[in-house]
Amino acid sequence: KKLLKNIKKDKIEEVTDPTAWLIDNSISQFIILHTFEIKFMCLLGYTYFAGYKVFSYAPATASTAYKFVNQVLMSTGGGILVPIFLNGTPVPLAYDYYIIAILITFGIHHYCPVMRDVYKLSSVFKFVITVSYEIIRAGVVCTMTAAAAKKIPPSMVSFPLFGPIICGCIGGCGAAFFPLNKGLEPIKDGLASPMFTALLGAAGYHIYLSTSLSEGCMNAPKKAHLHVVSFFILVGVLNAFGLNIPRTKKEVSVAKKES
């Protein structure tokens, strides 16, 4: 008992996170894909938008197989290229729920083409699809960037610098280069908005988490993910509703010819 009296109890200080409010709310939990159910719901919006682009630009005489394969590539382009770079398994082969979501939205486009008109006419529906698309795209960028940072060994500084950024960027816009016979045509007239945002998002996410910038920040990966997805949603909604759309490639080429 005397010994016990002489023992001083260590005071346990509770560490509080002053920025916990960023992720401790229902909206943040939704956009950082806190549960599988949320992820699959947003994935339906993501694959729907990919299918919208495929069916809108595919030739009228194109076969069903051609459209389906194109939608798979459009939905998982970056998830095919980056795992190949990192000696991993491409997304459509590794995750069955991606294919299930693609099959569902492909069926909607194939059997209910009127839904593409709904996207054009309904601002609410367009907003929901755009937000879902950007949430998944931001998740892919962050996931690919983090995976590459763990897989690629550092060569010049204490962490791999350019490799994860390149992988994250390709993860967010890799579908633009599919089918691969396009070559570098998609960037001939400059980077499109998804490419530019993917590059900025991957660079910011990787540099923040790999340097002293994130020291002392609790749940830094989640908070960095939150900032990336918020940026993607903002730019995606502005572009979708024509509030801040840069000139398209066709307009740039026309302007060059006129000058």
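**A helix pair, a buried serine and the cysteines**

The crossing of helices H10 and H11 is right-handed. Keep in mind as you look around that this is a predicted model. The contact between H10 and H11 is made up of 12 nonpolar residues and 5 polar ones, with no charged residues.

Let us look at the geometry of this pair. Two packed helices are described by the angle between their axes and the distance between the axes. Here, H10 covers residues 193–210 and H11 covers residues 220–240; they pack at an angle of about 165 degrees, and their axes are 10 Å apart. Because that angle is over 145 degrees, H10 runs roughly antiparallel to H11.

Which residues bring the two helices together? On the H10 side you will find Ser193, Thr197, Ala198, Leu200, Gly201, Tyr205, Tyr208 and Leu209. They meet a set in H11 that includes Ala220, Pro221, His225, Phe231, Phe232 and Asn239.

Now turn to helix H2, residues 26–31, where Ser28 lies. Is Ser28 buried or exposed? Its relative accessibility is 6%, so Ser28 counts as buried. Leaving aside residues up to four places away in sequence, Ser28 touches Leu22, Ile23 and Leu226.

Finally, the cysteines. A disulfide is a covalent bond between the sulfur atoms of two cysteines. How many disulfides does a search of the whole structure find? The search returns 0.

Methods. Residues numbered from 1 in each chain as written. Predicted model: local features only at pLDDT ≥ 70, side-chain atom pairs only at ≥ 80, totals over all residues. Heavy atoms only, no water. Axes fitted to C-alpha atoms, helices over the stretch in contact; angles between N-to-C directions. Helix = DSSP H or I, 4+ residues; strand = E, 2+ residues; numbered from the N terminus. Parallel < 35°, antiparallel > 145°, perpendicular 65-115°, else oblique. Left-handed = near helix turned anticlockwise from the far one by under 90°. Contact = heavy atoms within 4.5 Å. Nonpolar A, V, L, I, M, F, W, Y, C, P; charged D, E, K, R; others polar. Buried < 20%, exposed > 50% of the residue type's maximum accessible area, 1.4 Å probe, protein only. Disulfide = S-S within 2.5 Å.
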